[in-house]
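The following paragraphs lead the reader through selected parts of a protein model. Please keep the sequence and the structure in view while reading.

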Amino acid sequence: MTWSPVRRTHVVLAVLAASAHSVVAMPASGPRPLPTGWTSPALPNGSGEVASDGEAASFPLELVLASPPDDNCSAATVIPAAPQTDFQSTAGATTEGTDPTPPCGNGSEAKTVWYRFTAPASGGALTVDTFGSDYDTILSAWSGVCGQFTAWPGGCNDDFGTSQSQISVPVPGGQTLYLMVSAYFGDGGSLVLHIYFNPNSGDVSGLRVGKAAGGDLTLAWNPSCQGSDTDYEVYRGVIGSWTSHTPSICSTGGATTTTVTPPASAQSYYLVVARNATYEGSYGRDRAGVERPPSVAPCLTRALGGCPPQCAHGKCATGAALDAACDACAAQVCAVDPFCCQLAWDSTCVSEVRTVCRSLICAGSWGTCAHGLCETGGALRAECDNPPLTPSCVTAICSADGFCCSNLWDSTCVSVIGTVCGMNCD
Ligand SMILES: [Ca+2]
Ligand SMILES: [Ca+2]
């Protein structure tokens, strides 16, 4: 390359606006117009500039490649949903000091670029590959936050058949994973990244059985709690042998009702299982809350997605079963009384907020007191909470601080419920 010796002339670097990933040098003896469709970025100080010293007719041209926008972990490209395909050049990517070492291949941290994916509530299987890239990639998945990562189990691959990579890992609902692509030989190049996600399958509830003509039975059920489930399977087993179920219908065509003809020779039980394009879900749980085993010859591979937490009401109100994830106290209650999280949150469950969680938050703990012990208000009367509390928490607090029973039940009175009574207001 021959240059006109012009002192302190800057070579114009241009970036193709559409990709923002490729940097090309344009020989120039001064600023010159850019071709149509090209733009010049705001170049960082020093980088991307080549100055002639006015002496040489030619000199080495040093190009600085622009780094891709997701070069750094903190600027990871967010994958909003799967499937997705992303294309970019990683030739200008760099290594951050906090880049983790991939636990596969040669552990290269060169030319790293980053992606971030959060699994849908159903959970499922995340599959990512770099097929179609033109360099030797290493793909690794990480949980945690930038700089403090833990390698995701099974989430690293160097070569999957070719020098490109593929991982396929189970991911719980709501889990965020970071994906790092690095270059085995430190070169980078044109990266093609494919992301797929197969959701787990959810639960079916509310199975109802009716009689139909000719001894047939009609089965009906509520739609799966997972929107990604679009179909249902029916399994049948022999009553008394509670794990004998085998496929009866592998697809109801999406319908939430079907008709079955029971065999005359044995009494049968039926299980309805939600499914999506890839997986089938729960066969239901037995009375002990244990997931029933799948059929020995299932219609589909099983992947349990569960359902979002059922938190339709507070723990002080009766109603539908609560999910242990709704509330720390609900988790404590259900640990000793599974009924509360499986069938219904009845008055026993509400009373267990006091007896199990030792919380005075529910009205049942107030006895004949004018207001809750956890609320400020007028002075309370000794023994007003006795029953149900023995000994009376109000009496104990007023013995220590008479103001609470003679003047006001103020925030000080509330604040000693833990220390004086060993109870709480959670
Ligand atoms: Ca990087
Ligand atoms: Ca590789």
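Glutamine 84 stands opposite isoleucine 195 in β12. This is a predicted model, in which local features need pLDDT of at least 70 and side-chain atom pairs count only at pLDDT 80 or more, while totals for chains, interfaces and linings use all residues. Residues are numbered from 1 along each chain as its sequence is written, and chains are lettered from A and ligands numbered from 1 in the order in which they are written.

Strand β12 comprises residues 190-199 and is joined to β5 by six bridges, the two running antiparallel. Helices (H or I, at least four residues) and strands (E, at least two) are DSSP runs, numbered from the N terminus; two strands pair if DSSP finds at least two bridges between them. Both strands belong to an open sheet of four strands in the order β5-β12-β7-β10, with antiparallel pairing. Its edge strands, β5 (84-89) and β10 (166-171), each pair on one side only.

Elsewhere, threonine 118 lies in strand β6 (residues 113-118). Threonine 118 is partly exposed because 14 other C-beta atoms lie within 10 Å; a residue is buried at 20 or more such atoms, exposed at 12 or fewer, and partly exposed in between, with C-beta atoms placed from the backbone.

Helix α3 (residues 347-355) has the buried residues Cys349, Val350, Glu352 and Val353. They lie on the same side of α3 because they cover an arc of only 155° around the axis, the arc being that of the directions from the helix axis to the C-beta atoms.
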